[in-house]
Structures are given as C-alpha cells and as structure tokens.
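Hi,

Here is the structure I promised to pass on. Have a look at it first, and then read my notes below.

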Amino acid sequence: MAALTFAHHMLLSKPSFFLHSTKTIAKTTNGLNAFISASPPFLRRHKSTQTIASSLLELGGVQISKQDVVKDEPTNNVPDLIFTKLGLQLHRRDNHPLGILKNAIYEYFDSNYNNQFNKFDDLCPIVTTKENFDEVLVPADHVSRSYNDTYYIDAGTVLRCHTSAHQADLLRKGYTNFLVTGDVYRRDSIDSTHYPVFHQMEGVRVFSPNDWNDSGMDGTLYAANDLKACLEGLARHLFGAVEMRWVDSYFPFTNPSFELEIYFQEKWLEVLGCGVMEQEILKRGGNTDNVAWAFGLGLERLAMVLFDIPDIRLFWSTDKRFTSQFTKGQLGIKFKPFSKYPPCYKDMSFWINDSFTENNLCEIVRGVAGDLAEEVQLIDNFTNKKGMTSHCYRITYRSMERSLTDEEINELQWNVRDQVQGQMDVELR
Ligand code: FA5
Ligand code: MG
C-alpha cells in the first residue's frame with residue numbers, strides 16, 4: 001500500500017523548544033494524507049459458509065449482528081477477523097493503556113479549556129461513505145476510498161477509517177469544541193506500528209471573528225498557531241521532554257495541514273495529523289464566518305511511546321503479563337516485556353499481475369496467521385526482460401506469548417501460499 005501513495009512533507013521553519021530540526025524530507029505514506037488514487041479490483045474471497053451465530057453487538061446504541069457486517073457479497077470486504085474486534089472499545093477501559101491515555105488527554109483539555117470540550121467515545125463505527133468521505137471533502141478518486149484501503153460493508157457503508165467521519169455531523173448539531181475517540185479500521189500493511197484496527201481521537205475547536213480580531217492575525221493563522229500551541233502543550237503534558245518535529249502535510253479537509261512526529265525506537269513515528277479546517281465544512285455546518293482547527297491523534301502510536309510498548313499487537317493481548325502492568329490513572333508506567341520469543345522468517349516469491357496490492361497480501365496473511373504475523377516486508381523486487389515483475393516478501397511470524405513450533409509455522413506458511421495462489425492470480429516461484 002505504502003508504495004502506491006505519496007504525500008509531500010516539508011518541515012516547518014517554526015522552531016519550538018522541543019522540536020527537532022532536520023532537513024526537508026519526503027516519504028511515502030498511506031492514509032488520509034495521500035494524493036494518488038488507485039482502485040484495484042476486489043480480492044476474491046472464499047468466505048467460510050459456517051452458520052453465523054446471531055448474537056447481537058451494541059455499537060453506539062445500535063444493535064448489530066454479524067450478518068450486518070460480514071456479507072458474502074462483492075461490495076463487502078470485511079473479514080471475520082475484523083468483525084471480532086467490533087465493540088471491544090479498548091479506549092473505554094480505564095486500566096488499558098489506551099483508556100489511561102484517553103483519560104490523560106481529557107484531563108489536559110478539561111484543565112486548559114475550562115471543561116469546554118464535549119467528549120464522545122461511543123459513536124457507532126459503522127458510518128456512511130457520505131460521513132466518512134464526502135462530508136470531509138475527500139475527492140471521489142482519493143485512494144482512501146478504494147476497497148484496497150477501506151473496509152466496506154456495502155457500497156454506501158464503511159467501517160470508519162478515521163474519527164473525522166463525525167466532524168460534520170457534530171458541527172451541524174452545534175458543537176464547537178469537541179473530542180471524539182473511537183476504533184477505526186483500515187486495510188493496511190503489517191508491522192509493529194500498523195494494525196487494521198486502531199484508535200483515534202479527533203479534536204475540533206471553532207473560533208468566531210471576535211476571537212482573532214484583536215490579534216492582528218487573520219483567522220487561519222490564528223487558528224494554526226492556537227492548534228500547534230494546543231498540541232505542543234498536550235505533548236508536554238503527556239511526555240515531558242521528548243524529541244518531536246512538525247511536518248507540513250496534506251489532508252483534503254484541512255489547509256494548512258501538519259503532522260507531528262516523535263522519535264521512537266530509532267525512527268520518526270507519525271503520531272497525529274491536523275490543520276485548519278476547510279471553510280467549506282464549516283459553512284455547510286452553519287458556521288459561515290468562523291474558522292476552526294481539527295486534529296486526529298493515533299492513540300496506539302502515542303501510547304507506544306508513553307508506555308514503551310514495542311509492538312502494536314500487544315494492545316489486543318489478554319495475557320495477564322501484559323494487562324496487569326497497567327493501572328487506571330498511571331501515565332508514567334513503562335511496559336516490561338515479559339519474554340521475547342524467537343521470530344521465524346518465511347520468504348515467498350511470485351510474479352505479480354496488475355491487480356496485485358500489498359494490502360491484499362496482508363489481508364490474506366492476517367486471515368491465516370492473525371496476530372502471529374509480525375511483519376510483511378518486500379525484500380526483493382525486479383522486472384525481467386519479458387516485463388514480468390517478481391516480488392519477494394518476507395513474512396515474520398512470532399507470538400508475543402509463547403514459542404511457536406516449526407510445524408505450526410510451516411502450516412501457516414503453506415496456507416498463506418495456498419490462498420495467495422488461489423485468490424490473487426499470482427504465479428508462485
Ligand atoms: C487521518 O486519519 C486524519 N483524519 C487526521 C486528521 C484529523 C487530520 C483532522 C487533520 C484534521 P492519518 O491517515 O494520517 O490522518 O492518520 C492519523 C494517525 O492515525 C496517524 O498519524 C497515525 O498516528 C495513526 N495511524 C494511521 N494508520 C494507522 C495504523 N494502520 N495503525 C495504527 N495507527 C495508525
Ligand atoms: Mg498520516
């Protein structure tokens with residue numbers, strides 16, 4: 001996926017006491033800040049025909065059954081594994097790192113903004129494409145709309161891929177300062193900082209001309225300065241001193257747009273996107289003369305840095321050795337890895353075709369190996385004289401809870417090969 005999309009990031013010149021200064025960077029990225037569109041055909045799926053238990057989930061006050069979400073229809077690409085995560089709401093558990101983090105962010109906003117921010121953390125993750133894309137001005141051909149990137153329930157309904165899906169509705173309802181926390185869903189690559197279900201917190205603050213008139217700035221500059229001050233203050237509240245930097249970015253719903261990166265595990269880790277809201281969104285919500293800022297925080301990414309959690313899969317662990325290390329209200333705790341089990345690497349080479357995408361490959365690997373899949377990495381890529389392109393992927397299998405046997409891993413790998421061959425029209429080498 002990352003290879004398909006590209007966004008420009010330029011470092012801002014504005015220095016700050018904890019901003020790290022570096023040169024201009026450009027990197028590949030996926031997500032809502034991508035420019036280029038791609039609409040690969042569906043991954044052919046062979047869904048199990050088991051009878052489905054009709055237990056109901058409650059999602060934000062809506063009763064949902066499995067049949068409502070996972071359907072054997074060409075316009076549906078939600079796998080069973082994703083369904084099992086619906087309704088878990090890790091961010092609402094006060095003893096879970098994500099709940100502890102959410103509460104610490106609430107604390108920051110309550111004390112700095114006099115309890116003005118309205119908080120939502122139980123809005124239904126099933127939204128319309130209108131809410132997820134149209135209302136935040138995501139263009140018709142934007143990559144994030146593709147079936148390769150987003151989980152569709154049907155052509156007009158998705159599992160929200162960002163909490164920005166709720167912006168327009170809350171603005172229409174008259175809210176002017178709000179935070180929305182929720183689980184979000186994306187088809188994505190597999191590594192220690194990407195997971196197909198993760199959590200975001202959206203923040204929106206609306207200003208009226210009275211707020212900026214005396215500042216000598218226009219509304220946009222005023223909002224951009226306020227936004228950065230707010231997020232830098234939040235970072236200090238959470239981390240104290242940490243190395244971070246602002247990067248110019250692009251989102252369809254903000255202008256200007258920025259991302260904040262934190263130095264973690266010897267790399268720059270993107271933790272949030274933000275910017276000054278496009279005027280059009282405010283206008284449609286009845287805020288004609290106003291200006292607003294908005295941000296979307298990746299809660300796992302922040303929690304990884306805060307609690308020293310090395311792998312994003314751990315957030316889903318029910319192993320007591322993980323869960324017992326965190327306590328409500330305690331931000332300073334550092335996770336102590338209970339044991340590091342050995343990884344096992346399996347390489348797989350094949351000739352790709354035009355419809356090949358890495359996200360489709362990752363869906364197969366996740367479907368077979370679940371959380372035993374630690375990483376899927378392209379390690380070799382060449383095109384021969386006949387114009388055929390070969391990819392070699394290295395799949396890392398590792399459990400965070402036990403040692404895996406050779407037999408177990410071989411079986412996983414054979415299943416992956418089998419499904420890749422059967423479903424992706426590639427030629428294994
Ligand atoms: C967005 O989702 C925008 N909606 C954010 C935003 C809101 C911008 C409001 C402007 C105004 P992006 O796709 O970059 O942007 O994702 C935001 C954050 O989610 C990232 O910075 C990262 O911290 C986190 N994130 C993205 N993909 C994953 C993933 N697969 N696993 C874990 N975290 C992820
Ligand atoms: Mg991003």
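A quick definition before the details: I call a pair of N or O atoms a polar contact if they lie within 3.5 Å of each other. Keep in mind too that this is a predicted model.

Let's start with the ligand. With that cut-off, Gln 200 makes a polar contact, as an N or O atom in its side chain is 3.1 Å from an oxygen atom of ligand 1. Taken alone, ligand 1 exposes 690 Å², and the protein buries 99% of that.

The shell around ligand 1 has 28 residues, with His 162, Ser 164, Arg 186, Asp 188 and Glu 270 the closest. By class, eleven are nonpolar, eleven polar and six charged. Strands S11 (197-207), S13 (254-264), S14 (267-277) and S15 (291-298) each supply at least two of the shell residues; S14 gives the most, with five.

Three strands form an open sheet in the order S7-S9-S8, with antiparallel pairing. S7 (126-128) and S8 (152-154) stand at the edges with a single partner strand each, so one side of each has no neighbour in the sheet. On average, neighbouring strands here are turned by 35° against each other, direction ignored. S7 and S9 (residues 157-159) are joined by three bridges, and Ile 126 stands opposite Leu 159 in S9.

Cheers

Notes:
Residues are numbered from 1 along each chain as its sequence is written. Chains are lettered from A and ligands numbered from 1 in the order in which they are written. This is a predicted model: local features need pLDDT of at least 70, side-chain atom pairs count only at pLDDT 80 or more; totals for chains, interfaces and linings use all residues. Side-chain values use heavy atoms; hydrogens and water are left out. Two strands pair if DSSP finds at least two bridges between them. Helices (H or I, at least four residues) and strands (E, at least two) are DSSP runs, numbered from the N terminus. Axes are lines fitted to C-alpha atoms, for helices over the stretch in contact, and angles run from 0 to 180 degrees between N-to-C directions. A residue is near a molecule or strand if one of its heavy atoms lies within 4 Å of it. A polar contact is a pair of N or O atoms within 3.5 Å; within protein, one must be able to donate a hydrogen and the other to accept it, and residues adjacent in sequence count only if both atoms are side-chain atoms. Accessible areas come from the Shrake-Rupley method with a 1.4 Å probe; for residues, only the protein chains shown count as cover. Ala, Val, Leu, Ile, Met, Phe, Trp, Tyr, Cys and Pro count as nonpolar, Asp, Glu, Lys and Arg as charged, and the others, Gly among them, as polar.
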